[in-house]
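These are my notebook entries on one structure. I record what I looked up, entry by entry.

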Amino acid sequence: MNTTDQKAPGESGLYNRIAVLRAERGISRQELADAMGVNYQTIGFLERGDYSPSLKLALSLAKYFALPVEAIFSKQPFQPLSQQVYGKQPTTASIQEETAI
Amino acid sequence: MISAVSTLFGHSLARRRTRRWLVGVFWGGLVPLLCVGFQLVFITSHNQNGIAVNFAVLSILWITIWLGGVHAGGWVKPFRAQTKVRNIVQPLFAKPKPTQSELIAQELAMDERESFQRDYIHFVAYSIARTMTLLLFTLYYLLGFWNQELLRQAGPLLFFLLTITLWSLPQTLILWTEPDMEEPQ
């Protein structure tokens, strides 16, 4: 899941978590597409970051996943979920320090 | 923009490679063939231009059937939304539900990405056609210096080629550029 979070955006220049959220909820592209009223291929384009959605579609996705828009789309790479949940990611230096102690 | 269930001699058009073959066959074989056919019809019946016009109309209709983009049919979705034909009997007897024609219309309807892509492709096609028009016009003008008889014969051919290009370029660009389609899962 973390690797998907860090996936580089395609042509749109937007990072998104649609694939993660979809996998988490166990829904297919077709199901999400039907709920959004778009073609399932458009969901694929969104997930790869090859298409920048309209505000209407972005808000619809946010409503569907019950999350704020900025939790789904970002211009910056998303932090890995483990880092978000457990705080600052340990660096090599800090690990060496802890080992020395 | 392209129906994922379409096949060409058993090969799925969901694959870009198949679609590029199709475009290659169209521009490499069919378009020259149509142009030669039109020229033959025009030369042999220049006193009955109606035959040449009929040939041109049939060619354009055939291109539409082959590539799509105008009405339902062909491999590219229609560029304009389909008119929904309502079943007027059904609501009298049962709870309203989508009729077959409405389901087809939903299948053919373009979403926002496809509409955006359609508009972009049309812009690209317009840019190419603009350049091509200029080149054909220059060629036609230059032919006049060289041979007046050739100019008289080549004029309708160049015009027909331009018509085919204008009619089919957006569809061929879509077939060529759309990436491989994914599974809906």
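Predicted model: local features only at pLDDT ≥ 70, side-chain atom pairs only at ≥ 80, totals over all residues.

**Entry on confidence.** I looked up the scores for the complex and found an ipTM of 0.70 and a pTM of 0.76 from the predictor. I then went through the elements of chain B: helix H3 (residues 90-93) has the lowest mean pLDDT, 56, and helix H5 (residues 112-146) has the highest, 92.

**Entry on helix H4 of chain A.** I asked which residues of H4(A) are buried. I listed A:Tyr40, A:Gln41, A:Thr42, A:Ile43, A:Gly44, A:Phe45, A:Leu46 and A:Glu47. Because 8 of the 9 residues of this helix (residues 40-48) are buried, I recorded H4(A) as largely enclosed by the rest of the structure. I next looked up what covers these buried residues, and the cover includes strand S1 (15-16), helix H2 (18-25) and helix H3 (29-36) of chain A, together with H5 of chain B.

**Entry on A:Gly49.** I found that A:Gly49 follows H4(A) and has a positive phi, near 75°. This glycine is in the loop between H4 and helix H5 (55-65) of chain A. Is A:Gly49 buried or partly exposed? I noted 19 C-beta neighbours inside 10 Å, so A:Gly49 counts as partly exposed; a buried residue would need 20 or more. I also looked up the separation of A:Gly49 from A:Phe73: their C-alpha atoms are 9.8 Å apart, and the two residues are 24 residues apart along the chain.

**Entry on two helices of chain B.** I examined helix H1 (residues 16-44) and helix H6 (residues 148-177) of chain B, which pack at an angle of about 160° with their axes 10 Å apart. Because of that angle, H1(B) is roughly antiparallel to H6(B). The crossing of H1(B) past H6(B) is right-handed. I sorted the residues of this contact by class and recorded 17 nonpolar, 3 polar and 2 charged.

**Entry on the contact between the chains.** I found that 8 residues from chain B and 13 residues from chain A take part in the contact.

Terms used:
Residues numbered from 1 in each chain as written. Chains lettered and ligands numbered in written order. Axes fitted to C-alpha atoms, helices over the stretch in contact; angles between N-to-C directions. Helix = DSSP H or I, 4+ residues; strand = E, 2+ residues; numbered from the N terminus. Parallel < 35°, antiparallel > 145°, perpendicular 65-115°, else oblique. Left-handed = near helix turned anticlockwise from the far one by under 90°. Nonpolar A, V, L, I, M, F, W, Y, C, P; charged D, E, K, R; others polar. Contact = placed C-beta atoms within 7 Å. pLDDT = per-residue confidence, 0-100. Buried ≥ 20, exposed ≤ 12 C-beta atoms within 10 Å, placed from the backbone.
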